[in-house]
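The following report describes a protein model for a reader who works with coordinates. Please consult the sequence and the structure as displayed below.

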Amino acid sequence: MRMKTATMLAAVWAAGCTRQGPALNTNAFVAPPPPGGASAMTHQEVGHGTGQLQPNNSVAVNQAPDKIDPVVAEEVRPPGETAQVPVTQPATQAATQPGRSSGQYLTLGGVMCEVNSKPVFANTVLALVDRDLQAKATTLSEEEFKAYANQKVGENTQALIRDELEFAAAQTELGPDDQRLAMTLTTAWRQHKIIEAGGSLEMARRKAQADGESFEELADRQYRTYMRQIFYQKKFVPRIEIRADDMREYYRQHVDKEFTERQAARFRLIKITAAATGSLEAAFEKIKSIHERAAKGEDFEKLAAAFNDEPRLLASAGDVGWIDRHAYRDEKIEEAVWKLEVKDITDIMRVGDAYFIAKLEDRKKGRVRPFEEEAVQDAIRKELHRKQFIAQRDIVQKTLLKQAVVTPYPPNLNPAMDMVMQMYPRWKQFAPAGPPVPAR
């Protein structure tokens with residue numbers, strides 16, 4: 001495996017940039033914990049059997065996450081991170097277990113595929129998506145739901161395959177110092193989660209269990225993620241090269257959409273209609289009274305929240321939000337608003353069978369941010385950095401997959417889909433009244 005991975009790294013490096021960047025400084029981190037894996041960090045973080053954190057613990061809780069390249073941290077994430085679930089489960093897992101907040105799956109433990117002899121279990125895949133599927137089941141017909149679920153199951157199965165391949169490459173290519181670094185980061189992560197849960201390991205375990213999770217498996221998942229991040233940061237990030245010409249070209253292509261601040265106004269609007277008051281005359285008398293109260297200094301926001309014949313304006317206290325110049329639907333109202341100074345109120349305006357008054361809350365003059373602006377260059381540099389990293393990672397993933405033994409491939413989605421469709425009737429019963437919402 002090392003020979004194959006080394007060959008892959010050489011190929012990717014040759015295809016990418018050749019500039020040698022700074023290596024990850026492992027000395028910037030605290031001393032590593034003892035060996036034994038993420039699950040071996042229990043007693044180090046609690047005090048003498050009390051279950052309470054020691055105030056002078058050597059791991060700095062807020063130090064570690066800042067050391068990973070921000071783009072790497074954003075892009076290399078655990079599969080189904082929002083679900084906070086483990087990425088692997090042992091082959092000895094029980095045949096049945098409760099689905100998180102969804103009752104019992106009838107059949108568990110089905111294997112979707114094997115990645116270099118390591119199984120990807122159907123219930124591991126479903127743990128990443130079942131909450132999303134539960135929500136969709138309430139709005140989709142059975143046919144629509146099955147298509148949506150098949151897509152999500154396939155995407156997350158592929159994510160688990162990529163996770164396993166990247167982690168295996170990291171194990172092969174990273175040296176002992178880097179692997180201890182991943183452990184140190186995981187120790188800091190664990191300590192942070194323990195403090196977040198109230199200060200004891202037991203409380204952290206209970207909090208995870210309440211969410212249908214295992215704290216130890218979460219720590220192992222986080223360790224895998226740090227290993228993958230360090231792998232990319234050590235082997236590929238130093239070869240990213242951002243050239244001045246590329247930055248200027250990006251600015252030229254995106255100046256209109258990303259670096260131009262439009263003229264815009266934010267105002268409140270009061271609308272009084274003839275239909276709601278009985279006649280145009282009655283509507284005018286009502287808006288005239290409101291206008292006089294506002295002119296005398298009464299709070300326009302409160303007036304707009306109390307007197308508005310358009311439900312949307314009534315609910316928002318007349319706030320229409322930021323509107324770009326020449327973008328408002330009624331030219332007469334926009335023209336009147338743009339003649340105002342901030343905090344001024346328009347005269348009464350008639351549009352059709354309704355009368356309006358508006359107050360200008362704020363205005364943006366609009367400008368083109370120059371390339372020389374430091375924040376503009378920082379944004380461009382980060383985006384080009386991201387694009388190069390994503391391109392390199394794509395090559396790595398494709399090469400790892402080509403060299404791996406994944407059977408079957410494409411993966412067999414049936415075990416997970418059978419479980420999903422078993423649960424569909426139960427999830428569907430929580431659907432709100434009314435016709436199903438079409439899938440998007």
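In what order do the three strands of the open antiparallel sheet lie? The order is 4-3-11. Strands and helices are DSSP runs, numbered from the N terminus, with at least two residues (E) for a strand and at least four (H or I) for a helix. Two strands count as paired if DSSP finds at least two bridges between them.

**Basis of the model**

The model is predicted; local features need a pLDDT of at least 70, side-chain atom pairs count only at pLDDT 80 or more, and totals for chains, interfaces and linings use all residues. Residues are numbered from 1 along each chain as its sequence is written, and side-chain values use heavy atoms, with hydrogens and water left out.

The pLDDT, which is the predictor's confidence in each residue from 0 to 100, averages 80 over the protein chain, and 76% of the residues score at least 70. Across residues 82–108 the pLDDT stays under 50, and the model has 71 contacts beyond four places in sequence for this stretch; a contact means heavy atoms within 4.5 Å. Residues 433–440 also have a pLDDT below 50, with ten contacts in the model beyond near neighbours in sequence.

**Overall composition**

The protein chain contains 15 helices and eleven strands. Of its 440 residues, 44% are buried, where buried means under 20% relative accessible area, exposed over 50% and partly exposed in between (1.4 Å probe, protein chains only). Among contacts with a separation of 6 or more, 76% are between residues 24 or more positions apart.

Strand 3 (residues 111–115) is joined to strand 11 by two bridges in the antiparallel sense. Glu114 has Thr407 of strand 11 as its bridge partner. Helix 3 (residues 122–137) lies across strand 3 and strand 4, at about 45° to strand 4; axes are lines fitted to C-alpha atoms, for helices over the stretch in contact, and angles run from 0 to 180 degrees between N-to-C directions.

Strand 9 (residues 354–364) pairs with strand 8 over three bridges, while ten bridges join strand 9 to strand 6. Eight of the eleven residues of strand 9 are buried, which leaves this strand mostly covered. Tyr355 of strand 9 is the bridge partner of Arg350 and also that of Ile272. Val351 stands opposite Ala354. Two residues separate the strands in the hairpin of strand 8 and strand 9, where Gly352 takes a positive phi near 65°.

The table sets out the spans from first to last C-alpha; the expected span is 1.5 Å times one less than the number of residues.

| Helix | Length | Span in the model | Expected span |
|---|---|---|---|
| Helix 10 | 16 residues | 22 Å | 22 Å |
| Helix 5 | 22 residues | 31 Å | 32 Å |

**A buried glutamate**

Glu166 belongs to helix 4 (residues 142–173). Its relative accessibility is 0%, so Glu166 counts as buried. Leaving aside residues up to four places away in sequence, Glu166 touches Arg228, Tyr232, Arg393, Gln397 and Leu400.
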